[in-house]
Amino acid sequence: MTTPSIDVLYDTPRAPNPRRVRLFLAEKRLSLPTEVVTIMDGSHFRPEYRDKVGSFHVPALGLSDGTILTETVAICRYIEALHPEPNLMGTDPLEKAVVEMWGRRVEFQLLLPIAQVLRHGNPAMAVLENPQCPEWAEVNRPRVVAALDWLEGILAQTPYIAGQRFTIADITALVAVEFMRAIRQALPETHTATHDWLTRLRAREGYVE
């Protein structure tokens, strides 16, 4: 059975999940044909996009057999299968499970609360979140602070999120920490382990905005 090749990546600037895919590709030194979807004008909700992709999700990956993959980790998993080196998702059953575990923890404990603060607390985000609930944004602000403390505790014990080497879990955490600019939340100066980790990641050849 022939494995379908990649035809196009549906991408959008500034949003965190598409950036996770761009960072993943950059680490693998890959460049894909890209079609930009402008989510701030609601393009991803329009029939021409939804009929093509099958949902309103961005990013999406179009394959040569007509399959469309959505969901960030699913896209990265397919890319990893086609281009296994450098490995970013684990090399044996245990490491794969550990990387998946930490990636999900970072996504739910840090990235998601940041997104909720932005999407429900910024009136400009009403195009993405309708109806907005400003009270929900305020509920999530202390969750972001608590998650940053949690992240600092992890990085005080290990050089990378999922252990001794850089993986997709670090990509998710990096995107989350830098996405805090959108909610005007600073990384505390006292979080020295996180700052050191952030400096090392920004120095990587695969670092892209």
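Ground rule for accessibility before I start: I call a residue buried under 20% relative accessible area, exposed over 50%, and partly exposed in between (1.4 Å probe, protein chains only). This is a predicted model, so I take local features only at pLDDT of at least 70 and side-chain atom pairs only at pLDDT 80 or more, while totals for chains, interfaces and linings use all residues. Residues are numbered from 1 along each chain as its sequence is written, and side-chain values use heavy atoms, with hydrogens and water left out.

**Entry 1**

For contacts I use heavy atoms within 4.5 Å. On that count, 17 residues of domain 1 are in contact with 15 residues of domain 2.

Next I checked buried area, meaning the accessible area (1.4 Å probe) that two parts lose on being put together, summed over both. The two domains bury about 1,300 Å² between them, 70% of it on carbon and sulfur atoms.

I count a salt bridge when a side-chain nitrogen of Lys or Arg is within 4 Å of a carboxyl oxygen of Asp or Glu. The rule finds three of them across the interface of domain 1 and domain 2. I also searched for polar contacts (a pair of N or O atoms within 3.5 Å; within protein, one must be able to donate a hydrogen and the other to accept it, and residues adjacent in sequence count only if both atoms are side-chain atoms). Three residue pairs make such contacts across the interface, both residues at pLDDT 80 or more.

Which elements give two or more residues to the side of domain 1 that touches domain 2? They are helix H1 (16–27) and helix H3 (72–82). My helices (H or I, at least four residues) and strands (E, at least two) are DSSP runs, numbered from the N terminus. H1 gives the most to that side, with seven residues. By type, the residues on that side of domain 1 divide into eight nonpolar, three polar and six charged. In this scheme Ala, Val, Leu, Ile, Met, Phe, Trp, Tyr, Cys and Pro are nonpolar, Asp, Glu, Lys and Arg are charged, and the others, Gly among them, are polar.

**Entry 2: salt bridges**

Side chains of opposite charge can pair when their charged atoms come close. I searched the whole structure and found 15 salt bridges.

Glu27 pairs with Arg204, with the closest N and O atoms 2.9 Å apart. This pair links distant parts of the chain: Glu27 is in helix H1 and Arg204 is in the segment after helix H7 (192–202), 177 residues apart. Glu27 is buried at 7% relative accessibility, while Arg204 is partly exposed at 28%.

Glu205 forms a salt bridge with Arg29 (3.3 Å, N to O). Glu205 is exposed, at 66%.

Arg77 and Glu100 meet at 2.6 Å, N to O. Arg77 is in helix H3 and Glu100 in helix H4 (residues 93–121), 23 residues apart. Both came out partly exposed: Arg77 at 41%, Glu100 at 33%. I also logged one network, in which salt bridges that share partners join Arg19, Glu178 and Arg202.

**Entry 3: Thr158**

Is Thr158 buried or exposed? It is buried, with a relative accessible area of 15%. I found Thr158 in the loop between helix H5 (134–155) and helix H6 (168–179). Leaving out residues up to four places away in sequence, Thr158 touches Gly163 and Gln164. A polar atom of the Thr158 side chain lies 2.8 Å from the backbone oxygen of Gly163.

**Entry 4: Tyr78**

Tyr78 is in helix H3 and counts as buried at 17% relative accessibility. Again leaving out residues up to four places away in sequence, Tyr78 touches Thr3, Pro4, Ile6, Leu61, Leu63 and Leu69. I checked Ile6 in particular: its C-alpha atom is 9.6 Å from that of Tyr78, and the two residues are 72 apart along the chain.
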